[in-house]
Amino acid sequence: MSSNDYLKTMGAPSFDELERAGMLPSLADLAGRGCVCVECVEEIPCNPCETSCPQGALVVGYPITNLPVVDRSKCTLCGLCIAACPGLAITIKSVEAGNAKIRFPWEYLPLPAAGDEVEMVDRLGEAVCAGKILSVNSAAKNNRTAVVTAAFPAAFVQQVASIRRKRHGTV
Amino acid sequence: MAKAGPAGLCAAIELKKAGAPVILMDENGAPGGQLFKQIHKFFGSREHKAGIRGFDIGKELLAESIALGIDVRLDTEVVGIERGLKLWAVEKKARSYTEEAAAIVLATGATENALSFPGWTLPGVMTAGCAQTLINVHRVLPGKRVLMIGSGNVGVIVSYQLMQAGAEVVAVLEALPRLGGYGVHTAKVRRAGVPLRCSTTILRAEGKESVERAVIARLDERFQPIPGSEETLEVDTICLAVGLTPAIELSCIAGCSQIYVPELGGNMPIHDEFMRSSVDSVYVVGDLAGIEEASTAMEEGRLAGIHAAHAMGYLDEASMSAKAEETRRRLSALRQGAFGQKRFDAKRRILEKKAAV
């Protein structure tokens, strides 16, 4: 296991650390239908991503501290793993005609709504570009983790991790 | 059974399922221990109830114990254990009585550590667990701008939950040069824009009637504040997430031999692979037997329950061994990897000391 110095001092993984864990998709992977992005570079005892996947495309195996491995040929991008991951470490990203999309887990109130103009943020919480909410899925099976889809300019697809949280009482 | 947190509940459930009469005593007004303030989805695998939120696990365990007809005595504090397994209990701070048992499972949990610094007695300084109880059980936001001291899982999980409750977390400080909690937890807090600052500590809290500011400073490699690195943060709440200590008092009264294991929180009663302490028929489980997590506590509780049921003649040797083996397999699955290995090694030292006694 690598030392993950950036993760263990900054709090979020660097591109290098993701790359080393085989968890940084290439632009080719992200093109078109896109791919699932799992950012789980530490060996922790956890495998709900694996059990949530109806296709067997996400594998942790035994011991359950193994890092998850995605078989992109099996993944249908259904997104069930996004809300299943207790670490909120899974997103689905895609790039098409200069526009990027991200489907990500969201557990703050107020929930964003389709059409909202938002600020997209990177893994350190810094604003990187403007974005727009396309949909919000609060299905019961997601167990109170909403799955939100947002669109933003393709140039920022590798940096974007989430949206800026709206503060209570502010806009 | 003393205390009805996740470990105590699971031990009681295993005993009752085997047909043993069980009394579950807890000084609190409601069972479940700390489970009901855990609003996040648990880690582990499906058999550890992974992906389920802590309070839902608590509800499941309560429903199971009610369905089994376990005698749960709330507002009942166990204040003493005499030789011959005689428990002294105080009910509703009014009635005192004794109860004789064939086996006792101690599941007394842990207490949060404090950190003292000038200003630490000001209103607004509290443990992270206290803040978590306020927001998730009582739905009271203790403050609007929070400074979290400690980056272990408790510190980062409670930071996240404070933001969910509507507070701003101004920073998470960590005295060590590296963050303690799981990377996925720190990443969650970081992408919400919270600075996580290693080699940094609090020097003092300031304020007239309650916390108004915190003065923090960077630490050198010998954990001494670096002069000139002081900064002032405008905060109204300071949360301390600086570790837990096993609540060993009852186990000491019962005469259980103790061991000092710093990685697991300090002094704790020694135990064997069935969670038996050094005192005959007294079992120790959960955070009392070393600080880990609710998921490990539940498995330890089951182990003790299974063995105690066997020892009292409610479960034959073969069923007991099979169930215990299965439970231990689930336990060891939770103690793998870099985070688990340290706890696994520490737990082995406890077992070795028990074997030597």
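First, the conventions. Residues count from 1 along each chain as its sequence is written, chains are lettered from A and ligands numbered from 1 in the order in which they are written. Because the model is predicted, local features need pLDDT of at least 70 and side-chain atom pairs count only at pLDDT 80 or more, while totals for chains, interfaces and linings use all residues; side-chain values use heavy atoms, with hydrogens and water left out.

Let me start with empty space. Rolling a probe the size of a water molecule over the atoms shows where empty space is left. On a 1 Å grid over the protein atoms alone, a cavity is a set of points where a 1.4 Å probe fits but cannot get out, and a pocket is an open set with protein on both sides within 12 Å along at least five of seven lines; a lining residue has an atom within 4 Å of a point. Points are joined across faces, edges and corners, and a volume is the space filled by probe spheres set on them.

There are 5 cavities of 30 Å³ or more. The largest cavity has a volume of about 240 Å³. What lies nearest its centre? Of its 24 lining residues, these are A:E39, A:L88, A:A89, B:A187 and B:R191. At least two lining residues come from each of β4 (90-96) and β5 (99-106) of chain A and α5 (183-190) of chain B. Helices here are DSSP runs of H or I with at least four residues, strands are runs of E with at least two, and both are numbered from the N terminus.

The second largest cavity holds about 140 Å³. It is lined by 17 residues, and B:R191 is again among those nearest the centre, with A:W106, A:Y108, A:S162 and B:A192.

Now the second largest pocket, at about 770 Å³. Its lining has 27 residues, including A:E107, A:L109, A:R144, B:I39 and B:Q164 nearest the centre. They divide into 14 nonpolar, 8 polar and 5 charged. Ala, Val, Leu, Ile, Met, Phe, Trp, Tyr, Cys and Pro count as nonpolar, Asp, Glu, Lys and Arg as charged, and the others, Gly among them, as polar.

That pocket draws at least three lining residues from each of domain 1 (6-111 + 244-356) and domain 2 (114-240) of chain B. Such bounds come from an automatic or database domain assignment. The centres of the two domains, taken over C-alpha atoms, are 31 Å apart. 8 residues of domain 1 are in contact (heavy atoms within 4.5 Å) with 14 residues of domain 2.

Next, single residues. A polar atom of its side chain lies 2.7 Å from the backbone oxygen of B:C198.

Last, the backbone. A cis peptide bond joins A:Y62 and A:P63, with omega about -5 degrees. Another joins A:L109 and A:P110, and A:P110 sits in the loop between β5 and β6 (117-121) of chain A. B:K49 is not a glycine, yet has a positive phi of about 65 degrees. B:F223 also has a positive phi of about 65 degrees and is partly exposed at 42%.

Definitions and conventions: A polar contact is a pair of N or O atoms within 3.5 Å; within protein, one must be able to donate a hydrogen and the other to accept it, and residues adjacent in sequence count only if both atoms are side-chain atoms. Buried means under 20% relative accessible area, exposed over 50%, partly exposed in between (1.4 Å probe, protein chains only).
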